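Biologist: I am new to this structure and would like to learn how to read the way its parts meet. Could we go through it together, step by step?

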Amino acid sequence: MKTRILAAMLAMTAAVAVGPQARAQDFSPAVVFDQGGKFDKSFNEAAYNGAERFKKETGTAYREFEVTNEGQREQALRTLVRRGASVIVAVGFSQTAAVEKVAKESPNTKFCLIDDKLEAPNVQSVTFKEEEGSFLVGMAAALASKTGKVGFIGGMDIPLIRNFLTGYEQGVKHVTPGAEVFVNMTGTTPAAWNDPGRGAELAKSQFGRGADVVFAAAGATGLGVMQAASDAGKLAIGVDSNQNHVHPGKVLTSMVKRVDVVVHDCMKAAKEGSWKAGHRVVGLKEDGVGYALDEHNRKLITPEMEARLEEAEKQIIAGSLAVKPYKP
């Protein structure tokens with residue numbers, strides 16, 4: 001699936017007992033970006049793009065906060081609540097504990113948690129089937145590889161990133177059963193999301209072992225992977241946002257998570273009075289994940305490769321091709 005717009009994700013509910021004009025005047029959205037920053041060209045930046053789209057469409061400004069250390073999450077959420085935020089989007093699973101605590105303290109404030117499940121009467125949470133999008137880019141890696149050896153570099157070693165890995169490995173093996181997949185994780189702390197130097201080192205090591213395509217699911221650390229691929233004349237695969245433009249002709253494709261649409265729809269629904277709590281999982285069927293194809297990688301994805309990927313996508317959506325998620 002290319003970067004098609006995610007269909008409306010939020011069910012309609014009855015409007016609250018206040019007029020639309022009053023709601024518009026009083027409405028104040030906010031977003032808390034996680035470590036790595038809103039311009040990480042990946043997960044956080046996708047959320048930023050969604051918030052910016054909402055602002056441009058509605059003329060409604062939003063407050064924001066960029067977390068630089070773990071202790072700031074609760075503080076940021078409480079500060080935004082105190083300043084009158086109507087809905088707060090918390091970007092990333094690392095904010096789950098903080099959202100759970102502050103949401104309980106602030107029952108009149110709505111929260112949207114991205115990338116983790118949290119059941120609470122004033123929390124809407126969305127998770128993604130990363131394994132499905134990663135399966136497709138794994139297929140692309142195997143189809144593009146000339147050595148039969150490809151790589152994966154994860155950020156923080158957690159189940160979420162292992163889910164990217166397991167889907168990627170299944171996609172590679174679906175095309176080339178005997179292919180070799182090299183795997184490295186950047187670290188075990190949040191610092192692993194923002195270490196391009198380490199990403200470059202790991203990529204160079206994998207290239208040295210024969211890999212010619214490497215998938216980086218590592219936030220801003222992946223920028224180092226893409227730079228190393230460009231320098232070595234190899235190929236990288238981007239993640240979360242469409243990163244094909246970062247090194248045109250050297251990024252085979254990107255596994256996109258439509259975080260931008262989730263953020264936009266959360267704010268829009270809250271503003272319009274159609275917001276509701278609950279948990280939702282989105283994958284290929286819901287246009288929540290996919291792969292990016294544009295002018296920057298069009299020459300790398302041949303028509304034959306695209307046909308294989310599109311057919312696999314249809315089979316996954318239909319249920320005739322099963323992609324297993326990571327099981328700890």
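**Reading a domain contact**

Modeller: Let us begin with one pair in this predicted model: aspartate 115 and lysine 257 form a salt bridge, in which the closest N and O atoms lie 2.8 Å apart.

Biologist: Which residues make up each domain, and what area do the domains bury between them?

Modeller: Domain 1 consists of 29-128 + 260-283, and domain 2 of 130-257 + 298-318; 13 residues from domain 1 and 16 residues from domain 2 take part in the contact. Between them the domains bury about 1300 Å², with 57% of it on carbon and sulfur atoms, and their centres, taken over C-alpha atoms, are separated by 28 Å.

Biologist: Is aspartate 260 buried or exposed, and why?

Modeller: A residue counts as buried when its relative accessible area is under 20%; aspartate 260 has a value of 19%, and is therefore buried. Aspartate 260 belongs to helix α9 (residues 259-272), and its side chain makes a polar contact of 2.9 Å with that of arginine 258. Apart from neighbours within four places in sequence, aspartate 260 is in contact with Ala46, Asn49 and Gly50.

Terms used: Residues are numbered from 1 along each chain as its sequence is written. This is a predicted model: local features need pLDDT of at least 70, side-chain atom pairs count only at pLDDT 80 or more; totals for chains, interfaces and linings use all residues. Side-chain values use heavy atoms; hydrogens and water are left out. Domain bounds come from an automatic or database domain assignment. Contact means heavy atoms within 4.5 Å. Buried area is the accessible area (1.4 Å probe) that two parts lose on being put together, summed over both. A salt bridge is a side-chain nitrogen of Lys or Arg within 4 Å of a carboxyl oxygen of Asp or Glu. Helices (H or I, at least four residues) and strands (E, at least two) are DSSP runs, numbered from the N terminus. Buried means under 20% relative accessible area, exposed over 50%, partly exposed in between (1.4 Å probe, protein chains only). A polar contact is a pair of N or O atoms within 3.5 Å; within protein, one must be able to donate a hydrogen and the other to accept it, and residues adjacent in sequence count only if both atoms are side-chain atoms.
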